[in-house]
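User: Please take a close look at one helix in this model and at the helix packed against it. I would like the local picture set within the whole chain.

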Number of protein chains: 2
Amino acid sequence: MDKIIGITELALRDAHQSLIATRLGIDDMTDICDELDNAGYWSIECWGGATYDSCIRYLNEDPWERLRTFKKLMPKTPLQMLLRGQNLLGYRHYQDEVVERFVDKSAENGMDVYRLFDALNDLRNLETSVKAVRKAGKHAQGTICYTVSPVHTIDLFVDQARRLEDMGVDSICIKDMAALIKPQAAFDLVTGIKAACPKLRLHLHAHATTGVTLVSLMKAVEAGVDCVDTAVSSMSLGPGHNPTESFMEMLEGTGYTTGVDLGTVLKVKKYFAKTLSRYKEFQSAVTGVETEIFKSQIPGGMLSNMESQLKQQGAGDRLDDVMAEIPIVRKDTGYVPLVTPSSQIVGTQAVLNVLMGRYKVLTGEFSDLMLGYYGDSPTDKNPEIVAMAQNHAKKAPITCRPGDLLDPEWDKLKADALVLSGNNGSDEDILTYAMFPQVAPKFFEKRHEGPLNLGKDPVSGATEAEITAAHQGNITGPITYAVTLSGQKHKVVVEPYKK
Amino acid sequence: MDKIIGITELALRDAHQSLIATRLGIDDMTDICDELDNAGYWSIECWGGATYDSCIRYLNEDPWERLRTFKKLMPKTPLQMLLRGQNLLGYRHYQDEVVERFVDKSAENGMDVYRLFDALNDLRNLETSVKAVRKAGKHAQGTICYTVSPVHTIDLFVDQARRLEDMGVDSICIKDMAALIKPQAAFDLVTGIKAACPKLRLHLHAHATTGVTLVSLMKAVEAGVDCVDTAVSSMSLGPGHNPTESFMEMLEGTGYTTGVDLGTVLKVKKYFAKTLSRYKEFQSAVTGVETEIFKSQIPGGMLSNMESQLKQQGAGDRLDDVMAEIPIVRKDTGYVPLVTPSSQIVGTQAVLNVLMGRYKVLTGEFSDLMLGYYGDSPTDKNPEIVAMAQNHAKKAPITCRPGDLLDPEWDKLKADALVLSGNNGSDEDILTYAMFPQVAPKFFEKRHEGPLNLGKDPVSGATEAEITAAHQGNITGPITYAVTLSGQKHKVVVEPYKK
């Protein structure tokens, strides 16, 4: 009997987050839910991460309604989400009650498996959410953010796994958001964690960006991993993930299998191949592999952000300098893993260092990171930069759990949310406001207009304005056309429209 | 000490053959030759396959001049070519003297390593070329075309390797042109061949199309393979090959290394990223992975050919039927591997079977294949279809080496070639005529005009006609533009120009 390796299918969350900037609308998902539910995946990741933000910011879609829709259409397969521990899906720490209420409400609306992570791997930032998930009777998956540094030894990660087990998690996930985990490291890490925590399921989440991680999945399987994350092939690769079908096919003859139905997956593939072609304007510029990430450790999505930051400053040619600066800044932070929000904080500071001189200007977020307000770093920070941060931010460093500094805030958030026009009075709406206080008011007002679908066909059915806008995105300089109009030939120059 | 795994870099031959229909012109290669020569590859594949045909058909470029240029610019690294045994680079069998003269002339012009293969794995079709390469003092690599069928066991392939060793080859290559070799199969096959032929170097050439073969390279390395074929990342993946940088990076900590300089490879990467963007119009439609190839076994390039054959017949919707027909036709042939020319022969017959009824019409090439005129099949053919072929072609089946039926033809080829306008009287020109009798006359006449470079920038520097043509390739239906002409706004509809 072959050993079953579970698959978490990422098409509905991380795959479109990585490939088309999280723009996939609910209309482009519902028709395939039945097939997804029948394929035999261990779980379907479909919520959390950046999808909540994208729903209210771009898609005029209630994320809670999306979750309920998924639960209705996929009743058999566990639904999975990515949750940033004490940050929830926002960008600051929340007081414990807010975290507990978020977990309760999402469980009530249909969430089953919570992948809980902290960008700094400071497990104190996971305590409240792990407890809340367990109290709700759901699956709490404790996460190790994988990174490479002189202090991140196998022993350090294995110790983190042990501490997660002590916290009471149901399973452990190695999260490799930048595709850094190489085959031998995957083998050693899985071997180490399985030896230390033999009773816990071990999952491996890896992006595909560097091109090596399907090999790492193979080595992880050989070392005893229980489940891997993949995305259907038509929604895979580039800054996304390894293709589900390739993972399944590669196991032939190895003594491992997935229990997933390949015929069903191929239907899902066809569906998303068609769907994705409607989101071309949001597609990531990275489509092949990028091994230079092994040096900078910057996840794919972050790279394009930094490029546009630099261009806005008229310094589009300094990207290589920034890439070289990132490892220096990261070392000063005590080798934090680079993942939301630490990747943005370190990346932005590196850009400032290159443009203004090293640490001549500090961002507030970078100061907070240096002063412990995001939690503990993996190792000692550069004391000189800590002093600069203290001076800049006019506050003292902390060593306690950041959440402990927060006063109860639920009632205040509730009061502020309830007065907003369009707020429906639910706890769900209060949570939306709590996490996205700038965006939520506009969303509440426009929600009744219903979800937007941004995936339009640029040829048929689009308005002139939409076509014009789409084409502006495609041309970078003046193009000369020969256009025949009422029988007369004209030379016509078309160029991007500048307001 | 880590074991060194050699790398054959494919950028200059199979990579652009697979990704941009073999259109890369010499002008877009010379500037990077110095870096390629300094990287430390075991060899650089740069000639043969479809490049000879493409040179004279599309690029107005003398393939022999290309070879001499490579030798001059890359004096340190062995140059490698792909040669279809008794077929040379053409599409029929040549009499032994022609084969010998081709090998002599290519050796004289700078070729070092000859990868010699026969589409049916009939080793009699390699005898003459292996002998000629050894006589010329060059490296003869005997090839096993990898395929999957009930008769293609590990034992069968290992036996083929033994027979290649008996023929006197310097090394063996497993050639997986359709990306069919899965990790366990790669491990078992390499283990088997290394046990049977421990003194011979073993190379593995695999495409990336199904997404699994980088894992197979890893397993092949673990089983003792000596060299693998990869392509620099910016010229990799899709119907092409695994990225060189990913292969190198994935070996970290495994006890294997490549001896190739990564910094140099990254320079090559940047160069080709830029270059490739100038050949967009030739780019393969396949960019992700396609695991359905495991069923049809049709190599990537072949798929688009068949699609266009079907569309020409107004049967674009029958591709799935053809895909299902291919394994049936292939079984009737005695499970021939599918690679040039057998892939085209089997593919075209499958198209005819679907459109006209099974075996209602036979092509001449398919009849020849069934009657042994391409060589022996791996196992027994369907005798009913052999009888049909005999009836159709009005000739008897043969069992001898096909080359033995051919009368000396060099003098006739020479006489025919020398009278052509523009022929320079060299043996090289006679060989060009011998392999491409239709195309060579036109090429000889226009050769003095010099190489064409098809990689034009569609925005700057292109003529109006070129821009119009390029844009016709991009739009599939009418597009409505708002165009302002002399201050007045017009609604303009642009659609593909139909002659």
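Analyst: Helices here are DSSP runs of H or I with at least four residues, and strands are runs of E with at least two, numbered from the N terminus. On that basis chain A of this predicted model has 21 helices and 12 strands. Its radius of gyration is 23 Å, close to the 23 Å that the globule rule gives for 499 residues, so chain A is as compact as a globular protein of that length. Along the principal axes, the C-alpha atoms occupy a box of roughly 80 × 65 × 50 Å. Of the 499 residues, 49% count as buried.

The helix in question is α9(A), residues 213–223, which contains Leu217(A). Leu217(A) counts as buried because it has 27 C-beta neighbours inside 10 Å, and the cut-off for buried is 20 or more. Leaving out residues up to four places away in sequence, Leu217(A) touches Leu204(A), Ala206(A), Val228(A), Asn242(A) and Phe247(A).

The partner helix is α8(A), residues 183–196, whose axis comes within 8 Å of that of α9(A) and crosses it at roughly 30°. Angles under 35 degrees count as roughly parallel, and α8(A) and α9(A) are therefore roughly parallel to each other. The crossing is right-handed. On the α8(A) side the contact includes Pro183(A), Phe187(A) and Lys194(A), and on the α9(A) side it includes Val215(A), Lys219(A) and Glu222(A). By class, this contact has 7 nonpolar, 2 polar and 3 charged residues.

Note on methods. Residues are numbered from 1 along each chain as its sequence is written. Chains are lettered from A and ligands numbered from 1 in the order in which they are written. This is a predicted model: local features need pLDDT of at least 70, side-chain atom pairs count only at pLDDT 80 or more; totals for chains, interfaces and linings use all residues. A residue is buried if 20 or more other C-beta atoms lie within 10 Å of its own, exposed if 12 or fewer, and partly exposed in between; C-beta atoms are placed from the backbone. Two residues are in contact if their C-beta atoms, placed from the backbone, lie within 7 Å. Axes are lines fitted to C-alpha atoms, for helices over the stretch in contact, and angles run from 0 to 180 degrees between N-to-C directions. Angles under 35 degrees count as roughly parallel, over 145 as roughly antiparallel, 65 to 115 as roughly perpendicular and the rest as oblique. A crossing is left-handed if the near helix is turned anticlockwise from the far one by less than a right angle, and right-handed if clockwise. Ala, Val, Leu, Ile, Met, Phe, Trp, Tyr, Cys and Pro count as nonpolar, Asp, Glu, Lys and Arg as charged, and the others, Gly among them, as polar. The radius of gyration is taken over C-alpha atoms; the globule rule is 2.2 Å times the number of residues to the power 0.38.
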